[in-house]
Amino acid sequence: MTAVVDTGTSFEELAGRVDAAARAVADLDGPARAVAEELKDAVEAVHRAGLTTMVRAMKADDAARGVLFELVDDPVVHLLLSLHGIVRPDPVTLAERVLVEVRPQLRSHGGDVSLARISDGVAYVRLEGACNGCSMSSVTLRNLVEEALVAGVPAVTAVEVLPNEPSPTLISVDALFMGPDPEKEGWVRASSTAALLPGTVTPLTVGGADVVVVNVGQQLTAYVNACAHEGLPLDNALLDAGNGTLTCPWHGFCYDATSGECLSAPGAQLEQLPLRVDAGVVWIRTG
Ligand code: FES
């Protein structure tokens with residue numbers, strides 16, 4: 001999603017302009033570079049002092065605090081405040097920065113990595129290209145991606161590799177099999193069908209896991225309750241039963257409600273869970 005500020009300039013354009021200027025400064029000869037960097041530092045110091053004063057005042061005021069929190073959700077404001085150390089970069093931003101560092105090494109093996117989400121301290125990544133499934137996969141993950149993410153992102157303590165193109169077909173027939181003793185097989189009674197009305201999104205805790213069940217035209221689908229963007233919950237996601245889409249309330253990622261495929265960001269996907277209906281009881285398997 002492209003965030004646009006009031007000036008009509010996109011976040012990407014602003015960031016690109018900063019990157020281009022930084023590269024140009026790096027190419028200057030010694031004295032010129034020193035002058036340019038001093039100018040940058042001096043201007044940044046003014047901005048930092050002013051921003052710190054503004055943020056402190058807004059934090060201290062009950063009415064202004066809400067506005068401040070809304071502003072911090074704006075990508076440009078967030079970038080500005082995190083550049084000045086006034087807010088900490090969110091884990092996803094930090095992780096993306098870390099992956100930028102390790103990507104050249106992965107590419108030297110013909111591979112690549114992308115971050116799907118961060119949830120409960122685990123960074124879920126996808127390996128792409130030659131790294132995926134090749135003999136380098138586990139070595140590459142352990143030595144490069146996992147080490148770098150755990151070291152570089154305080155909120156990340158572990159890394160897991162997701163399949164590259166998850167889709168409902170990933171839920172195998174075996175996974176959907178329910179024998180005479182479902183609980184022994186990992187199935188959990190999640191709800192009654194009557195409680196999951198058509199056109200609703202229902203957050204549930206199932207076996208200790210946060211799950212969201214979507215009912216589109218009496219077709220029930222269960223997902224891990226974490227948006228593929230930043231792993232935030234989908235409790236208040238907007239379900240358009242007519243179009244069959246589910247829109248995350250946080251930053252607007254839009255999904256196919258019955259497959260979990262992200263329509264906003266190719267390759268992103270909600271994590272679908274096996275779901276069965278038996279005699280009016282909805283069973284979900286989370287493990
Ligand atoms: S968490 Fe950002 S769009 Fe869902």
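This is a predicted model: local features need pLDDT of at least 70, side-chain atom pairs count only at pLDDT 80 or more; totals for chains, interfaces and linings use all residues.
Two strands count as paired if DSSP finds at least two bridges between them. The protein chain holds seven helices and 13 strands. Of its 287 residues, 38% count as buried. Take the contacts in the chain with a separation of 6 or more: 48% of them come from residues 24 or more positions apart.

- Four strands make up an open sheet in the order 5-6-7-11, and their pairing is antiparallel.
- Strand 5 and strand 11 (272-273) sit at the edges with a single partner strand each, so one side of each has no neighbour in the sheet.
- What holds paired strands together in general? Strands of a sheet pair through backbone hydrogen bonds, either parallel or antiparallel.

**Strand 6 and its partners**

- On one side, strand 6 pairs with strand 5 (residues 201-206) in the antiparallel sense, over six bridges.
- Strand 6 is also joined to strand 7 (residues 219-224) by six bridges, and these two run antiparallel.
- Val212 is a handy residue to look for: it is the bridge partner of Pro203, and it stands opposite Tyr223 in strand 7.

**The two hairpins**

- Strand 5 and strand 6 form a hairpin with two residues between the strands, where Gly207 takes a positive phi near 55°.
- Strand 6 and strand 7 form a hairpin too, with two residues between them, and Gly217 in the turn has a positive phi of about 55°.

**A look at Thr202**

- Thr202 lies in strand 5, and its bridge partner in strand 6 is Val213.
- Is Thr202 buried or exposed? Its relative accessible area is 17%, and buried means under 20%, so Thr202 counts as buried.
- Which residues does Thr202 touch, leaving aside its neighbours within four places in sequence? They are Leu196, Val211, Val212 and Val213.

**Helix 3**

- Helix 3 spans residues 62-72, and its buried residues are Ala64, Leu68 and Val72.
- These residues cover an arc of only 80° around the axis, which puts them on the same side of helix 3.
- Here is the general idea behind that pattern: an α-helix has 3.6 residues a turn, so residues three or four places apart point the same way.
- What do the buried residues of helix 3 pack against? They pack against helix 2 (30-60) and helix 4 (75-83).
- Turn to the face pointing away from the buried side and you find the exposed residues Asp62, Ala63, Phe69 and Glu70.
- At the start of helix 3, look at Asp61: one of its side-chain oxygens reaches to within 2.9 Å of the backbone nitrogen of Ala63.

**The second largest pocket**

- The second largest pocket has a volume of about 480 Å³.
- How many residues line this pocket? The lining has 23 residues, and those nearest the centre are Ser119, Asp120, Ala209, Asp210 and Val224.
- The elements that give two or more residues to the lining are strand 1 (111-119), strand 2 (122-129), strand 6 and strand 11.

Conventions. Residues are numbered from 1 along each chain as its sequence is written. Side-chain values use heavy atoms; hydrogens and water are left out. Buried means under 20% relative accessible area, exposed over 50%, partly exposed in between (1.4 Å probe, protein chains only). The arc is that of the directions from the helix axis to the C-beta atoms. Contact means heavy atoms within 4.5 Å. A polar contact is a pair of N or O atoms within 3.5 Å; within protein, one must be able to donate a hydrogen and the other to accept it, and residues adjacent in sequence count only if both atoms are side-chain atoms. On a 1 Å grid over the protein atoms alone, a cavity is a set of points where a 1.4 Å probe fits but cannot get out, and a pocket is an open set with protein on both sides within 12 Å along at least five of seven lines; lining residues have an atom within 4 Å of a point. Grid points are joined across faces, edges and corners, and a volume is the space filled by probe spheres set on the points.
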